[in-house]
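Me: I would like to learn how to read aromatic pairs in a structure. Where do I begin?

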Amino acid sequence: MKYSQSRALWAITKASFKAIFSQPSSIFFSLLFPIVFILIFGAFGDKAPTPSKIAIDPSSDTLNALFDSISKSTSVTIVTYPDTASRNNDLRKGKLDAVVFIPKAGDSSLPRRVLLQSSEAGGGAVYRLMRSFDYLALKAELADAKLNREYQFVPEIVPGKKYRTIDFVLPGQLGFSVLFSTLFGIAFIFFNLREQLVLKRFYASPVRKINILIGIGTSRLFFQLINVVVLILFGHFFLSFTLVHGALTFFEMLLLSVVMLFLLMGVGLIISSIAKNDTMIPLMINVFGFPQILLSGTFFPIDVFPKWMQTLCELLPLTQFNDAMRKISFEGLHLYDCWKELGYLGVWIVGTYLIVSRIMRWE
């Protein structure tokens, strides 16, 4: 009877898939951990900016138009203290942005020097307050002089997609989940199978080597796609994550995830082949993964970096994955519009599997 390669492939795939669910840690780090991050980071940014906290010096002149404007402003909150010591203590700790002293009116030909006392712990909040107070003072002076303004600003809001924090956070967390869970899963699975001589036995059996790789890789791919589906649906239905074209956008995000997973499985095979022992695997994964987590726009945009560093960030595969995910999910582009990002990932895939073909170890 002829040996059935398809049955062998199915048996390897099924056994590998069951082995994944026998490890609760894999489910936690690939699914629950990203959900926690999504909930935490998704809670930021959608609310109005927090008002600055200020205290008015007791000796200030409060019978003037500037103080009236400050007290009515929604951008500041005036905090009162029972004594100067507790006020200065909060100021030194950064819990208070500034102490404002408005002098009494003197020589009308000279401007009143309003003092904004802050501390280094305030993180530069005093300069934002200066711009805000300068605007309030200008409005008050125009009103006192009964002058008509030459320009008047009228807002007009056109229809459009509302950008929420979750629209930035969730694609980054998809990349975070796919990166680490795939690398840890593939690297440890193949290392342990080789150390336990399972791969050697497979190699001696009629099963083709490519079927062994496909079987284990397919189980990991399917497991990761389940996580991606859960994360996208959780973000969409519970946190209003934007899917511009609905189901089409959802499936295009899945296809992009498959491309990234294929790349990362190759990286995992490289790590499992060059690791001398299992304690080296987490170190090597972190060396590859953590720079990407920090520099690929997972938690914050790469625009905050200098130009030269942004160029380096764009060479990382996770940067291209995150950018393409956000273009597809929010901007409404299709997968074929992300040819630049797919080109970068394609170059990484070719280079990765060329290395795999040379260093892959079966025993």
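Reply: Begin with what counts as a pair: rings of Phe, Tyr and Trp pair if their centres lie within 6.5 Å. This is a predicted model. A search of the whole structure gives ten aromatic pairs.

Me: How is a pair of aromatic rings described?

Reply: By the distance of the centres and the angle of the planes. Take Phe180 and Phe290: their centres are 5.4 Å apart with 55° between the planes, a tilted pair. This pair links distant parts of the chain, with Phe180 in helix α6 (residues 165-195) and Phe290 in helix α10 (residues 280-295), 110 residues apart.

Me: Is Phe180 buried or exposed?

Reply: Phe180 is buried, at a relative accessible area of 10%. Phe290 is partly exposed, at 41%.

Me: Which residues form one aromatic cluster?

Reply: Phe176, Phe180, Phe184, Phe188, Phe290 and Phe299 do. An α-helix has 3.6 residues a turn, so residues three or four places apart point the same way.

Me: How many residues of α6 are buried?

Reply: In α6, 26 of 31 residues are buried, so the helix is mostly covered. Just after α6, Leu197 has a positive phi of about 65°.

Me: Where does the charged end of Arg326 sit?

Reply: Over the ring of Phe168, 3.7 Å from the ring centre.

Key:
Residues numbered from 1 in each chain as written. Predicted model: local features only at pLDDT ≥ 70, side-chain atom pairs only at ≥ 80, totals over all residues. Heavy atoms only, no water. Phe/Tyr/Trp six-rings, centres within 6.5 Å; stacked < 30°, edge-to-face > 60°. Helix = DSSP H or I, 4+ residues; strand = E, 2+ residues; numbered from the N terminus. Buried < 20%, exposed > 50% of the residue type's maximum accessible area, 1.4 Å probe, protein only. Lys NZ or Arg CZ within 6 Å of the ring centre and 35° of its normal.
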